[in-house]
Amino acid sequence: MFFLYQIIVTVILLFSPIILIFRLIKKKEDKIRFKEKLSIATKKKSKGNLIWFHGASVGELLSIIPLIKYYENKKYISQILITSSTVSSSKVLEKFKLKKTVHQFYPIDHLYFTNKFLKFWKPKLAVFIESEIWPCMYRNLENENIPLVLLNARLTKKTFRRWMRMKNFAQSTFNKIKISFPQNKETKLFLKKINTTNIKDLGNLKFVENKLSKKSKFNKNLIDELKKRNIWVATSTHFGEEKFCAEAHIELKKKIKNLTTIIIPRHIHRVDKIVEELKKLNLNVDVHSSRKKKLKNTDIYIVDTFGDTQQFHQVSSSVFLGGSFIKRGGQNPLEAARYGARILHGPNIDNFKDIYKKLGSLKISMKVTTPKKLASTIVFKKNKFIGDKIKNIGTKILKKTIKELDNIINNELKKT
């Protein structure tokens, strides 16, 4: 099965120039750094011990920032490598002031490119986040005797069933993982059924808080302006959800004065179309990149930049999580919840069932199905007590995670 997988990847490579051109046009690839996906490094490797973290995109990287900051302060770690697959994740990472850490795009999962990647970077430890299962890279990590950790592991029912159709291939791949830390009970059960050898509960790393190193002066001035108004946030929205939230704004505006709705689309390349759509509703729409200083007449404020979501969550008392009215499975609500916001969502939240179950038990998350219902559930006062409770859960999970990773790293360094 592995041989067949390798053939499929090779065939895709033959069409990669066409795929690449299409992705460059769509701005889904960096026009200079795309070569990193061919294991052509654009950053230098430092001498000494390097540890490597890999996550697919923004959410995965944000969940490990507290770990990165911890290991940045350890003298026995000379360099930290972070890889991801999306342009947006690389942009978000630039917002953090990291000294030892470098970012590269994850290489194509082919034996040649993954081997070339590992020969150059020579990590002491590889930590893969959530659902990042790559057979070729896993095989080469084993060949190079580099321990592999699957951190905050997540397997959905759909993914698990797909792997079980090729059970032997699944087992040979997952058995290359030194230890797995599942983020929920469902994933733990699936890992056991695949016969993953070493599994340990730590909790969901997404509960852990991460903070930007520094706010820009412009953002501070903007936040001061927002505090003068009644605001709520719709974050990580997908097609159709922006209009849904705009209709809720229209409904809410009948009762609330000085109202501004902040919309943070999941994919900012859609912003022009969103603006056009919302203006048809006779709403005043402004975008974050315009740097408008006064928002007195702004109905909808669209954030069209990377890495600024956290600052808007800090000042909002109600946050609607997108990806929940489409078959996307929802987005992570914990960042907003940590700041004491009421969490609102649609019916599709399969990706975060355990988290929403916890938030539901704390009575801070609510399902909405219509714009009118959404408008009626929005509040303008934070619940600081609940926010602190979620932060405390995250602190405990972070301490347990650091302890486990420290043990693995120390054992590896003793071998050298």
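Biologist: In which helix is the place of Ile19?

Modeller: Ile19 has its place in helix α2. Some ground rules come before the details. This is a predicted model, where local features need pLDDT of at least 70, side-chain atom pairs count only at pLDDT 80 or more, and totals for chains, interfaces and linings use all residues. Residues are numbered from 1 along each chain as its sequence is written, and side-chain values use heavy atoms, with hydrogens and water left out. Helices are DSSP runs of H or I with at least four residues, strands are runs of E with at least two, and both are numbered from the N terminus.

Now the residue itself. Ile19 has 39% relative accessibility, so it counts as partly exposed. That class lies between buried, under 20% relative accessible area, and exposed, over 50%, with a 1.4 Å probe and protein chains only.

Ile19 belongs to a nonpolar patch on the surface. Two elements give two or more residues to the patch: α1 (2–14) and α2 (16–25). Helix α1 gives the most, with 7 residues. A patch takes residues with over 30% relative accessible area and no salt bridge; like charges are joined within 9 Å, and nonpolar side chains (Val, Leu, Ile, Met, Phe, Trp, Tyr) within 5 Å. A salt bridge is a side-chain nitrogen of Lys or Arg within 4 Å of a carboxyl oxygen of Asp or Glu.

Next, the whole chain. The chain has 17 helices and 13 strands. Its radius of gyration is 22 Å, close to the 22 Å from the globule rule for 416 residues, so the chain is as compact as a globular protein of that length. That radius is taken over C-alpha atoms, and the rule is 2.2 Å times the number of residues to the power 0.38. Of the 416 residues, 52% count as buried. The chain exposes about 20500 Å², and carbon and sulfur atoms supply 54% of it.

Last, confidence. The predictor's confidence in each residue is its pLDDT, from 0 to 100. The chain has a mean pLDDT of 91, and 98% of its residues reach 70 or more. Confidence is lowest in helix α10 (residues 217–226), at a mean of 75, and highest in strand β4 (residues 125–129), at 98.

Conventions
Areas by Shrake-Rupley, 256 points an atom, 1.4 Å probe, with all protein chains shown as cover.
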